[in-house]
Amino acid sequence: MANLSFRDKQFKIVNKFFIFLAVSLVIIVAGVVDILVRGMNIGIEFSAGASIEVTVEDTDGFNDKQFRETFENWLAGDRLDGEKADRKFDVSRNTQVSRASKQITYEFRIGTTVVENGETKDLTAVINDENSENNGKTLLVEYVAKIRDEILPDVRKYLSENESYYKDVDQDDIDVSVAVHTIDNSVMLYTIRTTFIAGAVAILVILAYIIIRFTWISGIAAILALIHDVAIMVACTTFFQIPVNSTFIAAVITIIGYSINATIVIFDKIRELERTPSFDDVSDTDLANKAITSTLTRSILTTLTTLVVILLLALFGTAAIREFALPIIFGLIAGAYSSVLLAGSFWVYLRKLFKQSGKRMKRKASKKSVKTEIESVNQ
Amino acid sequence: MKKTKSIVILTITALLIVFFGVACFFSFPLPNSVYDYNSVFSSISKGIDLEGGYYAVLEPKVDGDSLDQQTLDNVISTLMQRLSNKGYTEATITKQDVTNLRVEIPDVDDPDEVMTLLGSQGKLEFRDSSGTVYLTGEDVQDAYVGYDNDSSYVVVLNFTARGADKFADATKTISESSNKTMSIYLGDQEISAPTVNSQIVGPSAQIEGDFDYERAQSLAAVISSGALDIDFNISESRQISASLGEGVVNNALIAAGIGLLVIFAILLIFYGGMGLAASIALLIYVIIYVIVLAVFPWVQLTFPGIAGIILSIGMAVDANVIIFERIKDEYASGKTVLSAIQVGFKRAFITIFDANITTILASVVLWILCAGSIRGFAITLFLGTLVSMFTAIVVTRWLINLFRPLAGEKEDKFFGLKRRDA
């Protein structure tokens, strides 16, 4: 049987705090720079506009780059065979390409403005015409529906003329599907608002619980670790230009749960050691080091098992799953890193900052559980 | 004796796990029957992001005051009625952001048709058989379900002062016409066609028919929401092709299955007999979890929901690792196997409780505040955490106690426990 025990080891993790912190800060700063330079790949849920999803078969030798460029230009006004369209949509956003089981899906995105016959129009305007069947809908909805109807035959035409795979296939039999997604400012703002409110409320509730069960210093340290994990996640997501959409938000929330969980296990150990008489004269640094070391097996094994499942998911999954699994993988690693290498130090240095170093928690007197604690630590 | 008892109980447990495991995950044709058995897992309702479909966010176009909740509820039942008339029986409509409605419909071929259904409420009109309009929605104050003298359900209509006059005129003309039918239209759809036998004067009238409560209720809702004449802005709409979600669930299942095997291996390698107990508990966890997801009606498996499941598997293992590390420590410091297990579970419980309760709190917050797929995530995470606490603490302990008589004298070795090197 394997034995992964650090019980008798003494790692000086807190003493090297600034090195570990520097590593994280470098990544976070690089992430911020990248956000400023290239920007994040914001998904449609967080930016008003529309997406047009075109799914075609991923045949042998399919020229995906040319297809993408052709239809980005198509939306921007340059249709097939040099024809010009009246409407030039804003296609400055990244097109998302994903592959799944012999199919390739292009998510072309357009913004909320269009240049129609030389005149710029706001697509979020609502059509107010009793006689139109589109009365009450936004221009965006109307125009995108038109795009959907017009792009389908052109995709078929393009494939039939440019892809040798289709040379013996009747144009109408080419397998193409088009789906559209439109989103107004109001819904986008709503999504952003609820996401932030929900995130903030969740963090406050967690903070309150930790302050009640532990100390307020532990609460702040845990939240610092959590912010660290999310910042690293956002940085890595930007490096790899993974789209930021509701799936990404779910991944962030997953990591918040995981990060708090991992940090609490360490603080639980600190709390326990604090109540142990033999640790009365031990410095905060040594106490935190001891707590981190004695929970290290658990930190490694738990990260390992969760990572195994999510890695397998990324490996077996479709492109969409991978998009989702990658941020979680970044977050898991960041979470393990912060709970082992940073959280304890946050606790030590926050106590220094607020002049609470060396203070020990009150022991619960005359309780049976105290006796077992003493036994277990006084080895 | 104890040994025999343990063997019997463990065998029964193993058989139950196999039985429920098959019931949860395998669909197969039933022998001697045309029916198929559908696995418990496949009966978990799936969100449109996995199944494909259409969703839209509707924003009511009202001047000034926003709609009250009663009105919104009426509108919801009208829309539901209209969608199910067109065959979209699995549509769901939820409130979002107090006044907006979120409509999710699986399996949509023609999104334009759905948008037309949702976009405009259509005008409520009372017509005769030739199509002449006598009253419109403005003339109806409200409509609700009531009883007549035989205590069967009727729909009661209350008219405005002007509406009552118009209704009196209308009933007079119609009762003297040949077929005596008054048709109530919403948009171009006939929703009711009561017979008028005489002129009705007064501020209210009732529609009788062989209504059961639900039908009467939905007719009343349709009329009263039609009376409101609300149109909607479709502020978000999305068509999701089934191919996007296709394979996601199956691939996730395969990944989870292999992942579990790897976790079993890790647990066995590091914790021996205790790891075996944890592995069996994990199987039981998976089965209970799947059944719970299938049984609770508000569970909808979404893409992020799969993440919630993975996270709770991770937490189930975490709880056991915390417990086992604790037991190892206790034994190393000189306790007997029995008391090491007892103290280990007791002490570890506090840690697990604190670590998991924060997750539960966070998921409840998301459940309440978020909509759509994030809510699906919150629900799976919440349920998963609860079930995993139960199996990791209660079931694992029960199994370890069952293992003890089997291991006999060598139980320390069996459980992978070692004294501290002197």
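This is a predicted model: local features need pLDDT of at least 70, side-chain atom pairs count only at pLDDT 80 or more; totals for chains, interfaces and linings use all residues.
I noted the conventions. Residues are numbered from 1 along each chain as its sequence is written, while chains are lettered from A and ligands numbered from 1 in the order of writing. Local features need pLDDT of at least 70, side-chain atom pairs count only at pLDDT 80 or more, and totals for chains, interfaces and linings use all residues.

I then turned to the dimensions. The C-alpha atoms of chain B fill a box of roughly 105 × 55 × 45 Å along the principal axes. The radius of gyration of chain B is 31 Å, whereas a compact globule of 422 residues would have one near 22 Å; the value is taken over C-alpha atoms, and the globule rule is 2.2 Å times the number of residues to the power 0.38.

I checked the domains, whose bounds come from an automatic or database assignment. In chain B, domain 1 covers 2–40 + 243–414 and domain 2 covers 53–240. The C-alpha centres of these two domains of chain B lie 49 Å apart.

Finally, I examined confidence. The mean pLDDT (the predictor's confidence in each residue, from 0 to 100) of chain B is 81, and 92% of its residues reach 70 or more. I recorded ipTM 0.75 and pTM 0.74 for the model.
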